[in-house]
Amino acid sequence: AGGSGGRAAGTGEEGCREAETSTPSSAARELINGWAYCAECILHGTPSGLDNAVSCEGGGMRLQRAGRESGAALRFEPIASLRPMTVLVTNTNVPRSTRRLVAKVRALRDAQPALTEALFGAVASVAEAFLAATASSEARLSAELPELVRINHGLLVSLGVSGAPLAAKDRPFPGCVHDTLYAPQAPPSRTSSPPPRNTASPQS
């Protein structure tokens with residue numbers, strides 16, 4: 001979930017726990033979700049509501065529009081097949097504003113509606129492929145997830161919403177999904193010597 005949505009929902013749930021000394025009830029979560037969405041509106045303008053919904057309910061959730069037309073109602077559907085997994089969250093130290101990024105995509109959609117819709121459709125296909133892999137086996141998920149992440153990131157780059165460090169080639173962040181999902185390489189020992197440099201002269 002997004003950082004702002006998670007913080008807003010977490011603040012509300014912590015208050016309920018202090019008052020009720022238990023997990024917030026369904027009615028309390030609905031109230032928290034509503035206020036968290038209001039906080040998202042202040043920060044982002046017109047958020048989807050997915051971040052605060054996931055933060056309140058936990059697990060995974062699919063977001064779909066009821067129709068293709070603009071302004072169609074949003075439908076939130078819990079994903080029962082989503083298996084637990086370890087996710088690395090890293091700070092790229094790149095300033096960003098979700099409000100500006102959304103406006104940037106909206107401008108792209110106005111200028112190139114057919115191409116932008118095709119990119120949206122490709123993102124949806126990646127999401128469906130991920131859900132299919134999740135509902136299948138751990139082996140299939142482990143095999144397909146790195147490729148799906150790579151494809152999805154390329155689509156985000158095309159939409160103009162990727163930061164420069166993430167878009168840099170051949171510079172994967174340590175520990176992120178790159179070659180494997182469930183067997184990340186161990187970090188190098190602090191006492192180990194660095195690998196020798198290649199001192200061979202370049203070939204003409």
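Leaving aside neighbours within four places in sequence, Leu155 is in contact with Leu119, Ala122, Val123 and Val126. The largest nonpolar core has 5 residues, namely Leu119, Val126, Leu148, Leu155 and Leu159. Helices H5 and H6 each supply at least two residues of this core, and the largest share, 3 residues, comes from H6. In soluble globular proteins, nonpolar side chains tend to be buried together.

Helix H5 deserves a description of its own. With 23 residues, H5 reaches 33 Å from its first C-alpha to its last, close to the 33 Å expected at 1.5 Å a residue. Thr116, Leu119, Val126, Leu131, Ala133 and Thr134 of H5 are buried. The buried residues of H5 pack against strand S1 (60–65), strand S2 (74–79), helix H4 (98–111) and helix H6 (138–159).

Charged side chains are considered next. The count comes to 6 salt bridges. One of them joins Glu117 and Arg109 at 2.5 Å, N to O; Glu117 is partly exposed, with a relative accessible area of 23%, and Arg109 is also partly exposed, at 38%. Glu147 counts as partly exposed at 41% relative accessibility, whereas Arg150, at 51%, counts as exposed. Elsewhere, salt bridges that share partners join Arg62, Glu77 and Glu128 into one network.

The cysteines present another case. The count comes to 0 disulfides. The sulfur of Cys38 is 6.1 Å from the closest cysteine sulfur, in Cys41, and therefore too far for a bond. Cys38 counts as partly exposed at 40% relative accessibility, and Cys41 counts as partly exposed at 25%.

The mean pLDDT of the protein chain is 75, and 66% of its residues reach 70 or more. Confidence is highest in helix H5 (residues 113–135), at a mean of 94, and lowest in helix H1 (residues 3–20), at 54. Over residues 170–204 the pLDDT is below 50, and this stretch has 18 contacts in the model beyond near neighbours in sequence. Where pLDDT is low, the predicted coordinates should not be read in detail.

Note on methods. Residues numbered from 1 in each chain as written. Predicted model: local features only at pLDDT ≥ 70, side-chain atom pairs only at ≥ 80, totals over all residues. Heavy atoms only, no water. pLDDT = per-residue confidence, 0-100. Helix = DSSP H or I, 4+ residues; strand = E, 2+ residues; numbered from the N terminus. Contact = heavy atoms within 4.5 Å. Disulfide = S-S within 2.5 Å. Buried < 20%, exposed > 50% of the residue type's maximum accessible area, 1.4 Å probe, protein only. Expected span 1.5 Å × (residues − 1). Core = buried A, V, L, I, M, F, W, Y, C linked by side-chain atoms within 4.5 Å. Salt bridge = Lys/Arg side-chain N within 4 Å of Asp/Glu carboxyl O.
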